[in-house]
Amino acid sequence: MSAAAPKSADSSSLEPSCRDTAAHALSIVRDGVITGEGPTTKGRVHFSRSLDADDTAWCTRILTATAVNDQPVSRAEAEILFEINEAATERTDGGRFDDLLAKAVAHYAASASGLKVPPRSVALSADTEIESWAPSYASKVNSEMLEWIAGQMRGKRHNNRRLMAMVATFLGATALPLAGQLPNVFDIGM
């Protein structure tokens, strides 16, 4: 899959100049996923509530735009990605969005915890393993970030296995007390 977005859509409103405009551009993708209409669906058949490789390519292009590439993923961007995840009841992107969501959330959580993160083009790349840069233990991630991730995942219809595995890794044995504070959030066999 190419990370380039389709040429048929008007991309001027989807070219971020900062993290706020990137979050706005992601909301346009979300709206296209929900309705099957809009600038990100022009020139192709797109059913409502479906997410395909082009939608994921739009998200990747927005998140790795030159203007935001060297900044950590923001909470607003991560929240819109969670909304896209929830809106998409049908998936035909081969799991790429799940991978992108997990990496973007890890990027946000790690940076918000004061950890150094690589540029987005590296961290969010399909060719980069999340384990190569994301923190592997909860002791390195702020507990508020873990609680925020848990809150985003709580009660959702579509659970992202990649994200759940990442959170389970974050929790690890060092954070079992925290896991007890977050009942019924994760089905990870603790």
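Guide: Before we start, contact here means heavy atoms within 4.5 Å. Also keep in mind that this is a predicted model.

Visitor: Which residues does I34 touch, not counting residues up to four places away in sequence?
Guide: Start by finding I34, which is in helix α1. Apply the 4.5 Å limit for heavy atoms, and skip residues up to four places away in sequence. What I34 then touches is S48, R49 and A87.

Visitor: Is I34 buried, partly exposed or exposed?
Guide: The relative accessibility of I34 is 29%. Buried means under 20% and exposed means over 50%, with partly exposed in between. The value of 29% therefore makes I34 partly exposed.

Visitor: How far apart in space are I34 and L51, C-alpha to C-alpha?
Guide: Along the sequence, I34 and L51 are 17 residues apart. In space, going from C-alpha to C-alpha, their separation is 8.9 Å.

Visitor: Is S74 buried or exposed?
Guide: Look in the loop between α2 (53-63) and α3 (75-87), where S74 is found. Its relative accessible area is 11%, and the cut-off for buried is under 20%. So S74 counts as buried.

Visitor: How many residues of α2 are buried?
Guide: Helix α2 is mostly covered. Its buried residues are D55, T56, A57, W58, C59, T60, I62 and L63, and they pack against α1 (19-35), β1 (50-52), α3, α4 and α5 (120-123). Out of eleven residues in α2, the number buried is eight.

Visitor: Which residue caps the N-terminal end of α2?
Guide: Look for a side-chain oxygen 3.1 Å from the backbone nitrogen of D54. That oxygen belongs to the capping residue, D52.

Visitor: Are α4 and α6 roughly parallel or roughly antiparallel?
Guide: The axes of α4 (residues 96-112) and α6 (residues 143-153) come within 9 Å and cross at roughly 155 degrees. Angles over 145 degrees count as roughly antiparallel. So α4 and α6 are roughly antiparallel.

Visitor: How many nonpolar residues does the contact of α4 with α6 have?
Guide: From α4 come V105, Y108, A109 and A112, and from α6 come M145, W148 and I149. By class, the contact has no polar and no charged residues, and its nonpolar count is seven.

Note on methods. Residues numbered from 1 in each chain as written. Predicted model: local features only at pLDDT ≥ 70, side-chain atom pairs only at ≥ 80, totals over all residues. Heavy atoms only, no water. Helix = DSSP H or I, 4+ residues; strand = E, 2+ residues; numbered from the N terminus. Buried < 20%, exposed > 50% of the residue type's maximum accessible area, 1.4 Å probe, protein only. Axes fitted to C-alpha atoms, helices over the stretch in contact; angles between N-to-C directions. Parallel < 35°, antiparallel > 145°, perpendicular 65-115°, else oblique. Nonpolar A, V, L, I, M, F, W, Y, C, P; charged D, E, K, R; others polar. Polar contact = N/O pair within 3.5 Å; in protein donor to acceptor, adjacent residues only side chain to side chain.
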